[in-house]
Structure formats: C-alpha cells, structure tokens
Amino acid sequence: MSRVYNFSAGPAVLPEEVLQEAAEEMLDYKGTGMSVMEMSHRSKAYDKIIKDAEADLRELMGIPENYKVLFLQGGASTQFAAIPMNLMKNKVADYIVTGQWAKKAYQEAQKYGRANKIASSEDETFSYIPDCSDLPVSEDADYVYICENNTIYGTKFKTLPNTKGKTLVADVSSCFLSEPVEVEKYGLIYGGVQKNIGPAGVAIVIIREDLITEDTLPGTPTMLKYKTHADADSLYNTPPAYGIYICGKVFQWLKKKGGLAAMKQYNEEKAKILYDFLDSSSLFKGTVRKEDRSLMNVPFVTGNEELDAKFVKEAKEAGLENLKGHRSVGGMRASIYNAMPKEGVEALVAFMKKFEKENL
Ligand SMILES: *Cc1c(COP(=O)(O)O)cnc(C)c1O
C-alpha cells in the first residue's frame with residue numbers, strides 16, 4: 001500500500017488513523033456482527049454513534065445550548081435554497097459575494113425574495129475580501145450571508161462583517177473545524193463535510209433555536225425545513241449514516257490532537273511553509289492579497305499555462321496529487337486541510353524548489 005499526498009479541494013484527505021479504524025470496524029462494528037453501513041439508523045448502536053458525534057462536535061466548537069446541530073444530506077448546495085426558505089421572513093437578505101460559492105447562494109436566494117449583493121470582490125477575480133466594516137445592510141434584511149473561506153480562490157474572512165445587528169449566516173465548508181469559532185456570533189453556520197471533516201454526503205447545519213420555526217416560505221418541502229430535522233434529532237428519515245459515523249471519528253481525532261486551538265496553530269505552521277516559499281520564489285507566486293490568505297486553500301501560478309500544466313503532471317508523478325487549480329481560475333491550488341500532515345506541505349515545497357531550479 002502506498003498513499004500519496006492528496007491536495008484535493010474536496011472530497012479531500014482524511015486522517016489515516018480514522019481510515020484505519022474504520023477499516024478495522026468494517027465487517028463487525030464493536031461486536032454487532034455487522035458494518036455501520038448495514039445497521040438500522042434506529043438501532044441502539046447507531047443512536048450512540050450519532051449522539052456521540054454531536055456531543056464531540058459541540059465540545060470542539062463550544063456550541064451553546066441554544067443552538068441545534070443538524071446532520072443533513074444534499075451537500076452544501078442544498079442549503080443555498082434551504083436558508084432563504086427557512087429564514088427569509090421579510091423576503092429580504094444581503095449577500096457578500098466573494099467567490100463562486102457565495103455567488104451561487106446569492107443567485108439561488110433570488111428565487112425566494114429580494115437578495116441584495118451588498119459587497120463583492122468579483123472586480124479582481126475574487127482575490128481579496130472586501131472591507132465589510134460599514135456596508136449598506138438593508139433595514140429589513142432577514143440575514144447577512146457570507147462564504148467564510150473561499151475554496152476556489154483561497155481567501156478567508158479574518159474578521160466577520162459588521163452586520164449591524166442582523167443575523168449572520170456563514171458557509172464554512174472549507175474551513176470547518178480548522179480553527180476556534182465563536183458560534184454565538186452567527187445565527188447559522190453550515191458546510192458540506194467533504195472538505196475538512198468527512199466523506200461527501202453529509203452537510204452539518206448549526207442553527208440558533210429561535211431561527212427554527214414553522215413559519216417557512218410557502219411550499220417549502222418537509223425535508224428542507226430545519227424544524228423537521230431539529231424535532232427529530234436528525235433522524236426524521238434515514239440520515240447519511242455511514243458518513244456521520246466517519247465524521248464522528250474525525251471529531252474524536254481532533255479532540256486527541258488538542259482541539260481547534262491546537263489545530264489552528266498546526267494549520268498556521270503548515271500554511272506558513274508554503275506561503276513563505278511563494279513569497280521568496282522567482283517562479284511561483286500566490287494569487288491572493290496577503291492579509292486575506294486562507295490557511296486551507298492556497299492557489300498559485302507560474303504565469304505560464306504550459307509550465308503550470310507541466311508542474312501539475314510532474315508533481316503527480318512525484319506522489320503529490322490534485323494540485324490543478326479550479327477550472328474557472330487555472331494555475332495550481334494546494335488544499336492543505338486539517339488532515340494534511342506537515343510532511344506533505346514540506347514535500348510539496350521541496351518539489352517546487354526542485355522544479356524552479358529545473359525550469360527557470
Ligand atoms: C464545495 C463547496 C460547496 C459545495 O458543496 P457541495 O456539497 O458539493 O454542494 C459550497 N460551498 C463551499 C465553500 C465549498 O467549498
């Protein structure tokens with residue numbers, strides 16, 4: 001068996017210990033004689049899996065009592081509709097558009113009410129985070145929406161926007177559990193787990209209880225109402241059971257690693273190795289405004305498309321996979337999520353140095 005360093009943006013690298021544990025439990029989960037994949041979601045064994053997963057997530061993020069944790073299906077993209085359907089009481093919401101994912105959410109919200117784009121960084125291909133200290137937040141906005149870490153462009157909000165008292169909603173798909181969060185600053189935090197937590201197929205929504213009501217937009221499907229899933233502790237129907245089990249294992253792995261403060265420190269050390277090299281390189285350069293750089297997704301270019309393609313190809317041959325940038329931006333992107341070991345980033349930089357020498 002040989003594993004590569006996988007820099008994929010998602011689905012992405014998972015902790016090797018977690019995969020090994022799952023492999024050991026594959027045929028017989030703790031003496032049940034069956035795999036978690038084969039188990040009723042109403043069984044005692046599964047009830048413990050999902051309850052423990054929620055408890056560990058609450059502990060890791062310090063989620064207050066008055067927030068619900070929902071394990072859902074449909075990826076992050078289903079939430080682009082669920083959020084307005086559940087939260088747009090006045091049919092008004094303000095969106096800060098800092099990339100493709102925020103833009104998609106903004107476009108979807110337009111189907112359900114008045115979605116206002118109150119800031120954007122599209123003028124410079126989303127390479128920065130706009131100043132959000134004094135935006136024209138709508139008087140009657142039901143919420144202000146951000147995508148906190150922009151997976152494709154490699155930017156991250158270092159300070160949250162001033163929402164002028166309005167509810168903050170954040171897509172944290174690609175920075176979930178990468179650093180400590182102050183949950184009480186948000187009304188709703190959500191993400192698909194396949195970037196930084198677990199296997200594709202699970203979305204986690206953390207929502208303040210007062211935002212969960214029967215009063216959704218007319219026609220909201222039962223499955224898209226937060227109340228449906230909150231009332232049933234995420235077991236209204238069959239949840240993505242195996243995926244939640246793996247998420248639970250990742251939560252335990254994170255606790256063993258020292259929790260989110262320790263993770264942040266580790267992620268900063270890893271990202272610094274790569275950014276320091278990019279800042280000193282005469283061939284490669286980062287594409288993002290320095291103060292807005294993400295710790296998770298690091299896009300870079302040589303400035304020459306052919307050379308970029310050569311780099312991606314030769315890196316793959318050296319066991320450094322999935323470094324091609326998103327199809328909308330080109331160049332390269334290294335996603336260095338929680339489960340990417342520091343050795344992986346060091347190996348990447350060593351390879352970049354070698355490539356630079358050979359190609360300058
Ligand atoms: C990947 C991604 C999405 C889309 O996730 P799906 O689960 O594929 O719907 C949305 N937002 C962000 C920030 C992402 O990185």
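Let's start at the ligand. In this predicted model, a polar side-chain atom of Asp171 lies 2.6 Å from a ligand nitrogen. Ser77 brings a side-chain N or O atom to 2.6 Å from an oxygen of the ligand. Lys195 does likewise, with a side-chain N or O atom 2.5 Å from a ligand oxygen. On its own, the ligand has 380 Å² of accessible area, and the protein covers 87% of that.

Who else is around the ligand?

Now the strands. Asp171 sits in strand E8, which spans residues 168–171. E8 pairs with E9 in the parallel sense, over 3 bridges. Ala170 has Ile189 in E9 as its bridge partner. On to strand E10, residues 203–208: it runs antiparallel to E9, and 5 bridges join the two. There, Gly192 stands opposite Ala203.

Is E9 buried or exposed? All 5 of the 5 residues in E9, 188–192, are buried, so the strand is largely enclosed by the rest of the structure. Leu188, Tyr190 and Gly192 point one way, while Ile189 and Gly191 point the other.

Last, helix H6, residues 241–256. Its 16 residues reach 23 Å from first C-alpha to last, close to the 22 Å expected. In H6, 13 of the 16 residues are buried, so this helix too is largely enclosed by the rest of the structure. After H6 comes Gly258, with a positive phi near 110°.

Conventions. Residues are numbered from 1 along each chain as its sequence is written. This is a predicted model: local features need pLDDT of at least 70, side-chain atom pairs count only at pLDDT 80 or more; totals for chains, interfaces and linings use all residues. Side-chain values use heavy atoms; hydrogens and water are left out. Buried means under 20% relative accessible area, exposed over 50%, partly exposed in between (1.4 Å probe, protein chains only). Helices (H or I, at least four residues) and strands (E, at least two) are DSSP runs, numbered from the N terminus. Two strands pair if DSSP finds at least two bridges between them. The expected span of a helix is 1.5 Å times one less than its number of residues. A polar contact is a pair of N or O atoms within 3.5 Å; within protein, one must be able to donate a hydrogen and the other to accept it, and residues adjacent in sequence count only if both atoms are side-chain atoms. Accessible areas come from the Shrake-Rupley method with a 1.4 Å probe; for residues, only the protein chains shown count as cover.
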